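Please load the model in a viewer and keep the selection tool at hand.

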Amino acid sequence: MSLKRCLFLLSRAPNRARCLRSTVAVLGKGSAGASAVQRHCTGETGASGFISCRNASSSSAAKPPDTSLFVPLHVKATDNGEGSIGAELTQPLDKSEVLKVLNRFYKRKEMQRLAAENGLDARLFHQAFISFRKYVLESDALGADLHIILNDFCCGAGHVDDLYPYFMRHAKQIFPMLDCMEDLRKISDLRVPANWYPEARAIQRKIIFHAGPTNSGKTHHAIQRYLTAKSGVYCGPLKLLAHEIFEKSNNANVPCDLVTGEERTFVNPEGKQSSHVACTIEMCSVTTPYEVAVIDEIQMIRDLSRGWAWTRALLGLCAEEIHVCGEAAAIDFVTELMYSTGEEVEIRNYKRLTSMTVLDHAVESLDNLHPGDCVVCFNKNDIYSISRQIEARGLECAVIYGSLPPGTKLAQAKKFNDPDDPCKILVATDAIGMGLNLSIKRIIFNSLVKPTVNEKGEKEMDTITTSQALQIAGRAGRFSSMFKEGEVTTMHRDDLPVLKEILSRTVDTIETAGLHPTAEQIEMFAYHLPDATLSNLIDIFVSLSQVDGLYFVCNIDDFKFLADMIQHIPLNLRSRYVFCTAPINRKQPFVCTSFLKFARQFSRDEPLTFDWVCRHVRWPLVAPRNIKDLVHLEAVHLTLDLYLWLSYRFMDMFPDANLIRDIQKELDNIIQEGVRNITRLIRASETNTSSGTGTDAIPDDDIPLHRTFPKDRGLNAEELPEARQQKQGQRRIRGSKMLGYRTLDTRQDGSLSSRLVQEGLLSTDLLEQLQREWAASQANGEDPWKETAGSGRKINSKGKKKNK
């Protein structure tokens, strides 16, 4: 190698100091060994930001990143005018010889080890090499420095190890996170979240923990202090609870505002903020000073999805007194958490105000229901079925489940609580566990199996926890109701000993609190990784995040689901992040479609007006004729909620919040009317299903869109402990519809269509469409199977295929 070439390479190399020593070695010995390359690398950071061996070792204590999340970028060769310089100084490259050189480099164990020390594990090294090889072999205009050194290799000069700096330069182009790994680790360091709230740390707060079971008066005592304070904030888990405190405060002549994700209500006619505010916990301010703050249901700090909101409130609220209400299982954890802030915790224990008895006998039949009974189900289809059977016995019942609008829930609760109303039975999901005051004498568990989400974000069926069972059972015999003693039992005899065993356990103590990356943290990540998608940024953040033993990172599957849905829509990062934090039910197809349309319209900088929304939801809507219509109306209500939620984040783009709220109230009334007539709707759905139309079959919107059926899991109905033979010859599986099981009638015919519908391989809607197409083709004298869709072939009269 000539001195002229060496000087040129030195001026253009990605690491000049390293190239200088490598060049000296080349001039002196004709080759440079791997040990020399390693020596040159040790302790140095080049101009291109090499991660040195020393830096890599200093961060070895941190957990290694999940490199499967690193998505390689595509690098194109840019013609900067140097494409012909290398060929002028040397000669055109022989691509076959270059390929041999590259393959020798790839097989060098020393290079693989050196790359691993600089962040390229085996997976990334392989991906980077494939990209580097493609770049070198397919580029017409390689940089002059790389061209010259490759030519030298082909001519037998130099050592293949000298290719390492150029390989790493390319690797950092396709994996930009390698160049800024230490910065990314610092951004995602979540080990001291108390320091995120300097305003709260600037004051000495008094923490008072009101601990006790359901119906012990713990929240009542906290609210009494809240009402006597000069200023206060109530933070609850549900809109209904925030609304209840809002009304209670104003009825006590303490002006109070209401703040939820979809609503802002200011009692001051001029719109000024009151000294008190009742809000959902996600909406609390951590910069506004208060005298008293109340955090309700503190045990939800360990919730896998929403726990971060309780952590933020507990650590960040700027209040002189923080009144925390919840289960005693959270006392030790909250006390330990407050050690990090230097704040002491005062404990006030409460006992249940009324007695609760676990009965020794199950109900076994709906004929044994009494006034004040509440049948608890964990599946909406079970609610439809049981309410239908109850009213078939001449009894009226109220219905409450999670997807109903708040107004409808309150109307149903009022109907059930009214002593003059003939409705004396309630059928509900665990939505009654908090937020509603109900006069219940006896809680009856129809099932003890509930869909849950584990730490990995996977949905599975499991028996309810002791905490959940106590929360639901505690709704019986409340102090303020007409029933001073509560009773708890099950619908089925074999469930009763299981329930007793669950209730006899000690509630699991809380050990960790949830955290969630903020918009600012994700923006800093995006600054370092500008070409990564939001979903990928979140994945890398969680992979690199460091938390101590008191915390965990909340499940972000819903966030990523929305991020992937709108990834193709051009939005700035902050707007994209806000859209993805919208609280929508991703199991509702209509809501997801609306979300997508909202984002697309927003990206065009076109305001989402009242008329636009009305066209989208096809307003005005009519009363539901069957269950399918009712479920759709609930989805429309959630869509309007989504509009209102976005209207407070992007006021100029969602300008008609007041008009939307007006039609949402009308829709609430329509839904209330439908729920009052729910038995007639169920009957209409059953009639349409049995007649073979299938268009009004009872939907199960609790089943995810990506549901897998039992045959995919290698299970069948008989393998579940809940399966039981009924006298009518019908096989019934309780609490298993979340897994995709259908109620199977052994008396049904064995036709192919029936079996396909039963197994979930063919929907009733699709079956009806096929029947219509068959009937139409038969009426026209056509053979519907003569031409197969998408095959490009026809079948002739002799049954042989021929090309078109």
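**Stop 1: a helix on the sheet**

Select helix 19 (residues 466-473), which lies across strand 9, strand 10, strand 13 (442-445) and strand 16 and runs at about 140° to strand 13. Helices (H or I, at least four residues) and strands (E, at least two) are DSSP runs, numbered from the N terminus. Axes are lines fitted to C-alpha atoms, for helices over the stretch in contact, and angles run from 0 to 180 degrees between N-to-C directions. Contact means heavy atoms within 4.5 Å.

The model is predicted, so local features need pLDDT of at least 70 and side-chain atom pairs count only at pLDDT 80 or more, whereas totals for chains, interfaces and linings use all residues. Residues are numbered from 1 along each chain as its sequence is written, and side-chain values use heavy atoms, with hydrogens and water left out.

**Stop 2**

Next, display the six strands that form an open sheet with parallel pairing, in the order 9-16-13-10-12-11. Two strands count as paired if DSSP finds at least two bridges between them. Strand 9 (355-358) and strand 11 (397-400) are the edge strands, each pairing on one side only. On average, neighbouring strands of this sheet are turned by 20° against each other, direction ignored.

Now select helix 18 (residues 406-417), which packs on the sheet and touches strand 10 (373-376), strand 11 and strand 12 (425-428). The direction of helix 18 makes about 150° with that of strand 11.

Which residues stand opposite one another around strand 16? Strand 9 is joined to strand 16 (residues 485-490) by four bridges, the two running parallel. Thr 357 stands opposite Glu 487, and Val 358 has Val 488 as its bridge partner. Strand 13 also pairs with strand 16 in the parallel sense over four bridges, and there the bridge partner of Arg 442 is Glu 487.

**Stop 3: the nonpolar cores**

Colour the nonpolar residues next. A nonpolar core is a set of buried Ala, Val, Leu, Ile, Met, Phe, Trp, Tyr and Cys residues joined through side-chain atoms within 4.5 Å. Buried means under 20% relative accessible area, exposed over 50%, and partly exposed in between (1.4 Å probe, protein chains only).

The largest nonpolar core has 164 residues, and Leu 146, Ile 298, Phe 579 and Phe 654 have the most contacts inside it. Helix 27 (residues 627-647) gives the most to this core, with twelve residues. Centre on Leu 146: leaving aside neighbours within four places in sequence, it is in contact with Phe 132, Tyr 135, Val 136, Leu 163 and Tyr 166. A second, separate core has 27 residues, including Leu 426, Ala 428, Ile 432 and Ile 472.

**Stop 4**

Select helix 22 (residues 534-544) and helix 23, whose axes come within 8 Å and cross at roughly 150°. Helix 22 is therefore roughly antiparallel to helix 23. Angles under 35 degrees count as roughly parallel, over 145 as roughly antiparallel, 65 to 115 as roughly perpendicular and the rest as oblique. Leu 534, Ser 535, Ile 538 and Asp 539 of helix 22 meet Phe 559, Lys 560, Ala 563 and Asp 564 of helix 23.

Phe 561, Leu 562 and Met 565 of helix 23 make the contact with Cys 592, Phe 595 and Leu 596 of helix 25.

Finally, bring in helix 26 (residues 610-617), which packs with helix 25 at an angle of about 150°, with axes 12 Å apart. Here Phe 590, Ser 594, Lys 597, Phe 598 and Gln 601 of helix 25 meet Trp 612, His 616 and Val 617 of helix 26.

**Stop 5: two single residues**

Not counting residues up to four places away in sequence, His 323 touches residues including Ile 208, His 210, Ala 222 and Arg 225.

Move to Met 283, in the loop between strand 5 (276-280) and strand 6 (289-295). Met 283 is partly exposed, with a relative accessible area of 23%.
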